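Subject: Handing over the structure, with notes

Dear colleague,

Please find below the structure I promised to pass on to you, followed by my notes on it.

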Amino acid sequence: MDEHMAALRNTESVNQRLFDSLHQELIKYRDNFLHESLQKPFIRDLLTLFDDLSSLSSQLQTATEGNDIKRSKPVQWRENLENAIHSLTEILHRMEVNEIEPKEVVDRAYHRVVSHEPADYAEDDGRIVMRVKRGFLWRDQVLRPEEVVAKRFG
């Protein structure tokens, strides 16, 4: 009788492990489905909006730097635009989308080099000169690589 009970407990333990494994697999499938079919297209649209707003902010910054006359309106517009960008960034954070942290050297997993500048020294090869377009991660996976200008030696 004890042997029979031990066999039942062992079978129950195996069944529980199989059930837990299947449950985790279904959760992963659900999350991937939600991300790929629903969230990813929406997030990409938000990133495009982020790029457009950032570009407008940069243009307003350039327009207000050398012009002291009637400066208050463009400055106010730029500040309002910066607030809108900040709000959009907060929305992205709530959706588990984070900006790729700035790095000194190109990492092909996170960066896409869009242009090169000549490097005077070999140790400067691959050093990032400028961030052209910000990159983003979703749950630690690259959603969009950061576009950068980097130095190239030789």
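Before anything else, a word on pairing: two strands count as paired if DSSP finds at least two bridges between them. Helices (H or I, at least four residues) and strands (E, at least two) are DSSP runs, and they are numbered from the N terminus. Strands of a sheet pair through backbone hydrogen bonds, either parallel or antiparallel.

Please keep in mind that this is a predicted model, in which local features need pLDDT of at least 70 and side-chain atom pairs count only at pLDDT 80 or more, while totals for chains, interfaces and linings use all residues. Residues are numbered from 1 along each chain as its sequence is written, and side-chain values use heavy atoms, with hydrogens and water left out.

Overall picture

The protein has two helices and six strands, which follow one another along the sequence in the pattern α-α-β-β-β-β-β-β. Its radius of gyration (taken over C-alpha atoms) is 25 Å, well over the 15 Å that the globule rule (2.2 Å times the number of residues to the power 0.38) gives for 154 residues, so the protein is more spread out than a compact globule. Along the principal axes, the C-alpha trace spans about 95 × 45 × 25 Å. Buried residues, meaning those under 20% relative accessible area, where exposed is over 50% and partly exposed is in between (1.4 Å probe, protein chains only), make up 24% of the 154 residues. If we take contacts (heavy atoms within 4.5 Å) between residues at least 6 apart in sequence, 65% of them join residues at least 24 apart.

Three bridges join β1 to β4 (residues 136–138), and E99 stands opposite F136 in β4. In strand β5 we find V142, which is partly exposed at 37% relative accessibility and touches A109, Y110, F136 and L137, if residues up to four places away in sequence are not counted.

Another open sheet of three strands has the order β2-β6-β3, and its pairing is mixed. The edges are held by β2 and β3, each with a single partner strand, so one side of each is left without a neighbour in the sheet. The twist averages 30° from one strand to the next. Between β3 and β6 there are four bridges in the antiparallel sense, and R131 stands opposite V148 in β6.

Salt bridges

A salt bridge is a side-chain nitrogen of Lys or Arg within 4 Å of a carboxyl oxygen of Asp or Glu, and the structure holds nine of them. Which parts of the chain do E99 and R131 tie together? Their closest N and O atoms are 2.6 Å apart, and E99 lies in strand β1 while R131 lies in strand β3, so the pair ties together parts that are 32 residues apart in sequence. Both ends are partly exposed, E99 at 26% relative accessibility and R131 with a relative accessible area of 32%. E99 and R131 also belong, with R134 and E146, to a network of salt bridges.

D51 forms a salt bridge with K133, with the closest N and O atoms 3.9 Å apart. This pair links distant parts of the chain, since D51 is in helix α1 (residues 2–65) and K133 in strand β3 (residues 128–133), 82 residues apart. D51 is buried, with a relative accessible area of 17%, whereas K133 is partly exposed at 31%.

The side chains of E147 and R112 also meet in a salt bridge (2.6 Å, N to O). E147 is buried, with a relative accessible area of 15%, whereas R112 is partly exposed at 43%.

Key: Axes are lines fitted to C-alpha atoms, for helices over the stretch in contact, and angles run from 0 to 180 degrees between N-to-C directions.
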